[in-house]
4 protein chains.
Amino acid sequence: MNSYYHKVQYYETDQMGVVHHSNYIRWFEESRVDMMQQWGFSYAHTERIGILIPVLGVSCEYKVSAKFEDVVEIIPQITKITPVKLLISYTVKNSKTGEIIALGESKHCFVNKDFRPVSLLKYSKELYDLFNDSIILGRKSDEI
Amino acid sequence: MNSYYHKVQYYETDQMGVVHHSNYIRWFEESRVDMMQQWGFSYAHTERIGILIPVLGVSCEYKVSAKFEDVVEIIPQITKITPVKLLISYTVKNSKTGEIIALGESKHCFVNKDFRPVSLLKYSKELYDLFNDSIILGRKSDEI
Amino acid sequence: MNSYYHKVQYYETDQMGVVHHSNYIRWFEESRVDMMQQWGFSYAHTERIGILIPVLGVSCEYKVSAKFEDVVEIIPQITKITPVKLLISYTVKNSKTGEIIALGESKHCFVNKDFRPVSLLKYSKELYDLFNDSIILGRKSDEI
Amino acid sequence: MNSYYHKVQYYETDQMGVVHHSNYIRWFEESRVDMMQQWGFSYAHTERIGILIPVLGVSCEYKVSAKFEDVVEIIPQITKITPVKLLISYTVKNSKTGEIIALGESKHCFVNKDFRPVSLLKYSKELYDLFNDSIILGRKSDEI
């Protein structure tokens with residue numbers, strides 16, 4: 001897995017002179033979309049085969065402000081997967097200094113186009129396994 | 001027609017200390033959506049009956065910067081309607097001083113859910129007439 | 001205190017056909033800015049006298065999707081104030097049905113223009129008291 | 001000059017299933033910021049030495065809708081520079097097909113931190129020359 005990098009844009013800043021806090025929530029999404037694309041099972045494809053993965057909850061803890069023209073590294077990590085639920089945590093770093101600038105989490109479920117909950121395991125074992133393998137890989141990299 | 005008012009939000013500012021210029025384009029949309037709602041023919045309803053009104057072009061001229069907590073008045077004016085095309089102009093004022101802070105324009109067409117161009121006149125004479133009457137009313141108010 | 005209402009805009013929706021989840025974080029901000037304005041001690045004024053109130057953390061739990069042209073009511077409630085920290089919780093309701101569609105929280109500190117932490121009690125006892133009184137009022141309305 | 005690429009994000013789509021038109025205005029900004037960074041005279045640096053380059057006007061013509069996970073190429077081209085004014089045009093392409101999906105323009109002036117107009121030629125001949133050279137280079141590449 002390659003890290004995901006985002007260059008902070010001018011329109012993401014606010015009059016405090018730093019990035020508006022709501023944008024980190026969007027960066028989380030950017031990073032999980034990128035992760036799935038690297039798996040070869042993109043979120044666009046996921047929606048095309050009839051599965052939506054809406055957000056049930058999100059949280060972010062801000063440590064250091066990101067600034068215009070900073071490049072931030074966002075590292076998503078699947079922390080839990082069940083047939084009906086998905087948990088992802090996020091580490092946001094300043095790519096230059098390596099300093100952690102924010103930590104976050106998102107909670108998701110799986111629904112069909114009518115927004116009815118579905119079992120991902122039944123709907124796409126392939127995607128379920130990708131999420132599951134990603135947890136195991138994450139644990140292994142923690143052990144090293 | 002009641003004027004449309006928008007209170008400038010913190011997240012709309014950038015590190016220049018004023019509203020980011022891209023937000024005015026969104027305010028234009030807010031005002032035309034509000035206008036249709038006042039007509040009793042909302043844009044949500046329009047989409048439900050199968051007509052989409054995408055944007056073909058947009059322009060904005062910025063005169064004075066809007067600031068956080070300013071209340072801006074956005075006045076949309078239909079300037080042209082044909083069965084296949086729609087032109088709207090916008091005047092943005094500081095609601096406190098009455099000063100014009102921006103002028104803009106948007107160009108639209110009418111399409112169905114498959115993004116095929118449709119004649120609004122055939123699809124909904126009611127909405128076509130609302131746009132058309134609005135031009136005539138605008139001209140009359142100019143004459144006074 | 002009057003409730004804060006926000007009309008869902010088209011640009012707030014995403015291709016899932018509902019409001020993108022990041023916007024709720026922005027609505028929280030809208031509601032706390034409105035609350036301070038109702039107190040007669042606006043956030044714009046707060047910044048002018050040299051106090052910034054950045055966000056240290058934010059969370060949101062999504063219950064029901066908000067849709068285009070829905071009007072949502074956002075009710076902010078101060079839950080804790082100390083000289084250096086502030087906690088606010090948010091209830092988001094569909095204004096038509098009264099149904100709770102989201103719950104959230106934000107955590108803040110007080111800093112000066114150089115982003116150094118300051119004691120709000122020392123810097124502005126007036127604002128500190130407004131936050132504090134709001135907690136007491138909130139508790140009282142819970143008792144009724 | 002390397003082209004500037006932007007991957008379309010989910011939060012940039014709206015319920016029409018395509019990118020919301022306001023985002024193109026933000027992509028124009030992304031591309032001109034990137035261009036200056038490639039020159040080694042970044043916009044962040046420009047602001048640090050006391051020059052702001054606000055937007056006086058912007059326009060965009062939409063040809064084809066960009067979609068989620070599309071990669072768009074945005075090519076900014078300086079078209080005019082005077083000591084007090086700057087014009088930039090933009091070509092937005094689908095990076096896969098090469099198809100032009102939008103064309104745009106932005107008009108800027110140069111101001112100091114108090115928003116007073118300044119002569120860029122006097123303030124920074126280096127930056128003025130970079131803008132000017134870029135026009136000449138653009139013309140040459142057109143001739144080929």
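**Stop 1: the interface of chains B and A**

Select chains B and A together: the area buried between them is about 930 Å², with 55% of that coming from carbon and sulfur atoms. Keep in mind that this is a predicted model.

Colour the side of chain B that touches chain A by residue class. The residues there divide into four nonpolar, four polar and one charged. Now show the contacts. Nine residues of chain B touch nine residues of chain A. Six residue pairs are in polar contact between the two chains, both residues being at pLDDT 80 or more. Look for salt bridges across this interface and the count is zero.

Which surface does each copy use? Of the interface residues of chain B, 100% are also interface residues in chain A, so the copies meet through the same surface.

**Stop 2: the axis**

**Stop 3: C:S106**

Move to chain C and pick C:S106. This residue sits in strand β5. Is C:S106 buried or exposed? Its relative accessible area is 1%, under the 20% cut-off, so C:S106 is buried.

Show side chains next. Those of C:S106 and C:Y90 are joined by a polar contact of 2.6 Å. Then display the surroundings. Beyond its neighbours within four places in sequence, C:S106 is in contact with C:R32, C:G57, C:V58, C:L86, C:L87, C:I88 and C:Y90.

**Stop 4: two positive phi values**

Stay in chain C and select C:E69. Look in the loop between β2 (55-62) and β3 (71-81). C:E69 is not a glycine, yet its phi is positive, about 75 degrees. Its relative accessibility is 14%, and C:E69 counts as buried.

Now go to C:F115. Find this residue in the loop that runs between β5 (100-109) and α3 (120-123) of chain C. What is the phi of C:F115? The value is near 65 degrees, positive in a residue other than glycine. Switch to a surface view to finish. C:F115 is partly exposed, at 33% relative accessible area, whereas C:E69 is buried.

Conventions
Residues are numbered from 1 along each chain as its sequence is written. Chains are lettered from A and ligands numbered from 1 in the order in which they are written. This is a predicted model: local features need pLDDT of at least 70, side-chain atom pairs count only at pLDDT 80 or more; totals for chains, interfaces and linings use all residues. Side-chain values use heavy atoms; hydrogens and water are left out. Contact means heavy atoms within 4.5 Å. Buried area is the accessible area (1.4 Å probe) that two parts lose on being put together, summed over both. A salt bridge is a side-chain nitrogen of Lys or Arg within 4 Å of a carboxyl oxygen of Asp or Glu. A polar contact is a pair of N or O atoms within 3.5 Å; within protein, one must be able to donate a hydrogen and the other to accept it, and residues adjacent in sequence count only if both atoms are side-chain atoms. Ala, Val, Leu, Ile, Met, Phe, Trp, Tyr, Cys and Pro count as nonpolar, Asp, Glu, Lys and Arg as charged, and the others, Gly among them, as polar. Helices (H or I, at least four residues) and strands (E, at least two) are DSSP runs, numbered from the N terminus. Buried means under 20% relative accessible area, exposed over 50%, partly exposed in between (1.4 Å probe, protein chains only).
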